Amino acid sequence: MVVKTIVAHKGIEPVLLEVTKFCSFADYFILCSGGSQRHVLALAQHLEEALAQAGVKPLGVEGREEGQWVLMDYNTVVVHIFLQPRREFYNLEDLSSEVPKTQIDIDGSAQTPSTSSQDSPPE
């Protein structure tokens with residue numbers, strides 16, 4: 001549902017990072033960008049509303065005031081929605097070459113994961 005919502009609302013370059021083996025507090029990071037601060041905030045709002053309708057509430061949300069990097073903590077899934085310059089600066093995708101990374105195509109399908117995964121990634 002996370003990826004589908006991001007794709008439906010034109011999130012830019014969504015990426016799924018499987019951090020289970022590298023992170024004690026989450027299994028997946030989902031990253032995407034917005035084209036403007038308004039787009040970043042709208043993506044976060046749409047995502048929060050879609051998940052709330054499914055009965056899922058975030059443990060916490062940070063960055064709504066600035067709209068440059070919104071972090072949404074859904075326990076095992078942490079969503080990072082960046083303004084593009086912030087995403088380039090922090091470059092979370094390349095923090096470790098060992099983290100399995102999956103580019104998400106604009107139709108919502110996964111593109112060539114860097115390594116195989118036994119768990120099903122969030123939709």
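These legends walk through a few close-up views of one predicted model. Residues are numbered from 1 along each chain as its sequence is written, and side-chain values use heavy atoms, with hydrogens and water left out. Because the model is predicted, local features need pLDDT of at least 70 and side-chain atom pairs count only at pLDDT 80 or more, while totals for chains, interfaces and linings use all residues.

**View 1. The whole chain, to get your bearings.** Follow the sequence and the pattern reads α-β-β-α-β-β-β-α-β-β. Of the 123 residues, 39% count as buried (buried is under 20% relative accessible area, exposed is over 50%, and partly exposed is in between, with a 1.4 Å probe and protein chains only). Among contacts between residues at least 6 apart in sequence, 56% join residues at least 24 apart; a contact means heavy atoms within 4.5 Å.

**View 2. The largest nonpolar core.** This core has 21 residues, and those with the most contacts inside it are Val2, Ile30, Met72, Val79 and Ile81. (A nonpolar core is a set of buried Ala, Val, Leu, Ile, Met, Phe, Trp, Tyr and Cys residues joined through side-chain atoms within 4.5 Å.) Two or more residues each come from α1 (2-8), β2 (28-34), α2 (37-53), β4 (69-74) and β5 (77-83). Helix α2 gives the largest share, five residues. There is also a second, separate core of 11 residues, with Val15, Leu31, Leu92 and Val99 among them.

View 3. An α-helix has 3.6 residues a turn, so residues three or four places apart point the same way. After the helix comes Gly55, with a positive phi near 85°.

View 4. The side chains of Arg64 and Glu48 meet at 2.2 Å, N to O (a salt bridge is a side-chain nitrogen of Lys or Arg within 4 Å of a carboxyl oxygen of Asp or Glu). Arg64 lies in the loop between β3 (60-62) and β4, and Glu48 in α2, so the pair ties together parts that are 16 residues apart in sequence. Both partners are partly exposed: Arg64 at 40% relative accessibility and Glu48 at 24%.

**View 5. The other salt bridges.** By this rule the count comes to three. Arg87 and Glu93 pair up at 2.5 Å, N to O; Arg87 is buried at 3% relative accessible area, and Glu93 is buried at 13%. Lys101 and Asp94 meet at 3.5 Å, N to O. Here Lys101 is partly exposed at 23%, and Asp94 is partly exposed at 48%.

Technical notes:
Helix = DSSP H or I, 4+ residues; strand = E, 2+ residues; numbered from the N terminus.
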